[in-house]
Amino acid sequence: MVQKAKILLVDDRPENLLALEAILSALDQTLVRAASGEEALKALLTDDFAVILLDVQMPGMDGFETASHIKRRERTRDIPIIFLTAINHGPHHTFRGYAAGAVDYISKPFDPWVLRAKVSVFVDLYMKNCQLKEQAALLRLQLEAGGAREPELGGPLLSELSARLASVEEQAEALTKQLDGQDDSAAAAATAAHLERKLAGLRRALDALRPGAD
């Protein structure tokens, strides 16, 4: 069974959290609520998230400060953050959001379809990265267990790993084509390109293990 990705929703207003849940429920992922920046940071201590939807205007620790804390932690600094704001203060305000580490900045009221589509891209990237980590872990186990049984690396187990990797490569390529040409998805496209580079490295490692390889 494929594990669902977790999406962190951060807003101090319960009605806003409810609206986000209604919009994103169609993605069939795990939605986690946080009513403050402090609560969000606490949730990030124990769980891994595909993307964070973060309200800018919150009492106490606002969205900018929360994002700064998230980006300072090694465990969480690579999680994409989408800022949500009800106030548009112009380019300076938007720049502050990107400077704090946001990959996108959406003003309320927002188009539900657009928000769902943006979140879906980051969920897809997260799932592909999880699959890549699983393939890399399996490869490491193969190498560690190989030792005196090195010829077996060219047998059925290596073929199985190669087939799994090929599946992830196909999905990553399809996602990259989907993002190509979308001006508002530069961060997602960069992440997809990084994923493809990781896949290429793992493919080279697999090819090097095949019988007859240099």
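## Ground rules

A residue is called buried when its relative accessible area is under 20%, exposed when that area is over 50%, and partly exposed in between (1.4 Å probe, protein chains only). That word comes up a lot below, so keep it handy.

What you're looking at is a predicted model, where local features need pLDDT of at least 70 and side-chain atom pairs count only at pLDDT 80 or more, while totals for chains, interfaces and linings use all residues. Residues are numbered from 1 along each chain as its sequence is written, and side-chain values use heavy atoms, with hydrogens and water left out.

## The overall layout

Let's start with the big picture. The chain has seven helices and five strands; these are DSSP runs numbered from the N terminus (helices are H or I with at least four residues, strands are E with at least two). Reading from the N terminus, the order is β-α-β-α-β-α-β-α-β-α-α-α.

Of the chain's 214 residues, 38% count as buried. Now take contacts, meaning heavy atoms within 4.5 Å. Among those between residues at least 6 apart in sequence, 67% join residues at least 24 apart.

## The nonpolar cores

In soluble globular proteins, nonpolar side chains tend to be buried together. Here we call such a group a nonpolar core: a set of buried Ala, Val, Leu, Ile, Met, Phe, Trp, Tyr and Cys residues joined through side-chain atoms within 4.5 Å. The largest one has 23 residues, and those with the most contacts inside it are Leu 8, Val 10, Leu 44, Ile 52, Leu 54 and Phe 83. Strands S1 (6-10), S2 (30-34), S3 (51-55) and S4 (81-85) each give two or more residues to this core, and so do helices H2 (37-43) and H3 (63-72).

Leaving aside neighbours within four places in sequence, Ile 52 is in contact with Leu 8, Val 10, Leu 44, Ile 70, Ile 79, Pro 80, Ile 81 and Ile 82. Apart from this core lies another, of 20 residues, including Ile 7, Ile 23, Leu 53 and Val 123.

Which residues of H3 are buried? They are Gly 63, Phe 64, Thr 66, Ala 67 and Ile 70. These residues cover an arc of only 160° around the axis, so they sit on the same side of H3 (the arc is that of the directions from the helix axis to the C-beta atoms).

## A trio of rings

Phe 64 turns up again here. A pair of aromatic rings is described by the distance of the centres and the angle of the planes. Rings of Phe, Tyr and Trp (its six-membered ring) pair if their centres lie within 6.5 Å; planes under 30 degrees apart count as stacked, over 60 as edge-to-face and the rest as tilted. The count comes to two aromatic pairs.

Phe 64 and Phe 83 form an edge-to-face pair, 5.4 Å centre to centre with 75° between the planes. Phe 64 is in helix H3 and Phe 83 in strand S4, 19 residues apart. Both are buried, Phe 64 at 5% relative accessible area and Phe 83 at 0%. Phe 83 also pairs edge-to-face with Tyr 105, at 5.9 Å and 70°. Phe 83 lies in strand S4 and Tyr 105 in strand S5, so this pair ties together parts that are 22 residues apart in sequence. Tyr 105 is buried too, and Phe 64, Phe 83 and Tyr 105 form one aromatic cluster.

## Charged partners

Side chains of opposite charge can pair when their charged atoms come close. A salt bridge here is a side-chain nitrogen of Lys or Arg within 4 Å of a carboxyl oxygen of Asp or Glu, and the count comes to eight. One of them joins Asp 47 and Lys 6, whose closest N and O atoms are 3.0 Å apart. Asp 47 sits in the loop between H2 and S3 and Lys 6 in strand S1, 41 residues apart. Asp 47 is partly exposed at 24%, as is Lys 6 at 25%.

Another salt bridge brings Lys 108 and Asp 11 together (3.2 Å, N to O). Lys 108 is in the loop between S5 (104-107) and H5 (112-146), Asp 11 in the loop between S1 and H1 (14-24), 97 residues apart. Is each one buried or partly exposed? Lys 108 is partly exposed at 22%, whereas Asp 11 is buried at 1%.
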